[in-house]
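These are my notebook entries on a single protein structure. I set down what I looked up, one topic at a time.

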Amino acid sequence: MSGIYIHIPFCKQACHYCDFHFSTSLKKKEEILDAILQEIVLRKADWQEEPVETIYFGGGTPSILSNSEIETILQSIYENFSVVNTPEITLEANPDDLTKERIIALAQTKINRLSVGVQSFFEEDLQLMNRAHNADEAWQSLETARTYFDNISIDLIYGIPGMSMDKWQQNIEKALTLGVPHISSYALTVEPKTALASLIAKGTIPMPDDGEAHEHFLQLMQLLKQNGYVHYELSNFGKPGYFSQNNTAYWMGKKYMGIGPSAHSFDGVNRSWNISNNTLYLNKIQSGILPSEKELLSLNDRYNEYIMTGLRTMWGVSLQKVQNDFGEKYLTYLLKNAQKYIQSLQLVIENNVLKTTAEGKFFGDGIASELFMVD
Ligand code: SF4
């Protein structure tokens, strides 16, 4: 196995743009933690032979847990699975949870990578998105974290309505000043049924502009390249040696096991996902039943996933692999449909690998969907 993902489904407050699974009520926190420990044991038999190379606490907001709660989960993983000697263990953390005392205490646990949800260093952006932290906490938490953690990633959001190019550049430059070795950056997207969607519908917040987001993305690529970051996935930039091992394994199609409400798993052939409801998750686990549904992936599904992830990463889509794993029909279909993007210089074939160019990267997901094999 490659990795274990633990979903912590709690947040202090709801960010306006978010459609992940979480609850702002902490009433069931203890019960969910117990259930997570039970799920680890329930899944033990299925995955016991596989060495665990990465452990990832995501959410939600995993830093809402105390250090002893995090250590209890880690202890259970170590007791029930075979963990390699130097696993990458990531904790997603929000700046308001990262006081100096907390960072020092976290550095004494097995956590060796922090992924900090900064999103912006500007107060007005944080308020527009309803983040729980302020600009000062974003900066202070990272200054301190840099002293105690070597491997730190931060998230930044671009394409926020009203964000000028100059302000976006300042955001990137602050990250560079802090010297964080990994940056994940996403365009603000308007998901259905979020507070952001309703605020836009009421005219309170303007709709994010795709053209501005594209300009921000080009600036991000340029500045990070100049500063030695490798653009290894559409939304991820890392200094050499600091790519996310957890996410890279996912993009490479390795197995992973998701624990907790809404967590997804991949056993090498099929995907499954836990129910996205804390109460129903608890009920099932307390009855000794895994609360998951399984999807059998067809050949088309597997081809489409490979195209999607391949075009998002710097490793691209191996034409040899398409031929070997999916056959001549898929390769011919791919090459025929890729032609117009090769001509518009958004895709390129190098060493028998199809990749997005710098011009095509921002549009990679849309291009990939045009190359999908539809049933
Ligand atoms: S902290 Fe993260 S998971 Fe929680 S509401 Fe905000 S974006 Fe969503």
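**Entry 1: helix α9.** I began with helix α9, residues 210-226, in what is a predicted model. This helix has 17 residues and reaches 24 Å from its first C-alpha to its last, close to the 24 Å expected at 1.5 Å a residue. I then examined its two ends. Just after the helix, Gly 228 takes a positive phi of about 85°.

I next asked which residues of α9 are buried. I found Ala 213, His 214, His 216, Phe 217, Gln 219, Leu 220, Met 221, Leu 223 and Leu 224. I noted the general rule that an α-helix has 3.6 residues a turn, so residues three or four places apart point the same way. The buried residues of α9 pack against strands β5 (151-158), β6 (182-187), β7 (230-233) and β8 (236-238), and against helix α7 (165-178).

**Entry 2: the nonpolar cores.** The largest nonpolar core has 71 residues, and I looked up which of them touch the most other members: Phe 57, Ile 73, Ile 111 and Ile 154. Helix α9 gives this core its largest share, 6 residues. A second, separate core holds 20 residues, including Val 322, Ala 338, Ile 367 and Met 373.

Leaving aside residues up to four places away in sequence, it touches Val 116, Val 118, Phe 121, Leu 142, Ala 175, Val 180, His 182, Ile 183 and Ser 184.

Entry 3: Thr 90 is found in strand β3, residues 82-93. Is Thr 90 buried or exposed? I record Thr 90 as buried because its relative accessibility is 0%. Beyond four places in sequence, Thr 90 touches Ile 55, Tyr 56, Phe 57, Arg 113 and Ser 115.

Ile 307 has its place in helix α12, residues 299-312. Its relative accessibility is 0%, so Ile 307 also counts as buried. Its contacts, again not counting residues up to four places away in sequence, are Val 317, Leu 334, Ala 368, Leu 371 and Phe 372.

**Entry 4: backbone in the loops.** Before this search I recalled that most residues other than glycine have a negative phi, and that most peptide bonds are trans. Lys 193 is not a glycine, yet it has a positive phi of about 65°. It is placed in the loop between β6 and α8 (195-201). Lys 193 counts as exposed because its relative accessibility is 87%.

With a relative accessible area of 39%, Asn 352 is partly exposed.

The peptide bond from Gly 59 to Gly 60 is cis, with omega near 20°. Gly 60 is found in the loop between β2 (51-59) and α3 (67-80).

**Entry 5: the ligand.** Which residues surround the ligand? I listed Cys 11, Gln 13, Cys 15, Tyr 17, Cys 18, Phe 20, Phe 22, Gly 60, Thr 61, Asn 94 and Arg 131. This shell divides into 6 nonpolar, 4 polar and 1 charged residue. Gly 60, from the cis peptide bond of the previous entry, is one of the surrounding residues.

Key: Residues are numbered from 1 along each chain as its sequence is written. This is a predicted model: local features need pLDDT of at least 70, side-chain atom pairs count only at pLDDT 80 or more; totals for chains, interfaces and linings use all residues. Side-chain values use heavy atoms; hydrogens and water are left out. A residue is near a molecule or strand if one of its heavy atoms lies within 4 Å of it. Ala, Val, Leu, Ile, Met, Phe, Trp, Tyr, Cys and Pro count as nonpolar, Asp, Glu, Lys and Arg as charged, and the others, Gly among them, as polar. Helices (H or I, at least four residues) and strands (E, at least two) are DSSP runs, numbered from the N terminus. Buried means under 20% relative accessible area, exposed over 50%, partly exposed in between (1.4 Å probe, protein chains only). Contact means heavy atoms within 4.5 Å. The expected span of a helix is 1.5 Å times one less than its number of residues. A nonpolar core is a set of buried Ala, Val, Leu, Ile, Met, Phe, Trp, Tyr and Cys residues joined through side-chain atoms within 4.5 Å.
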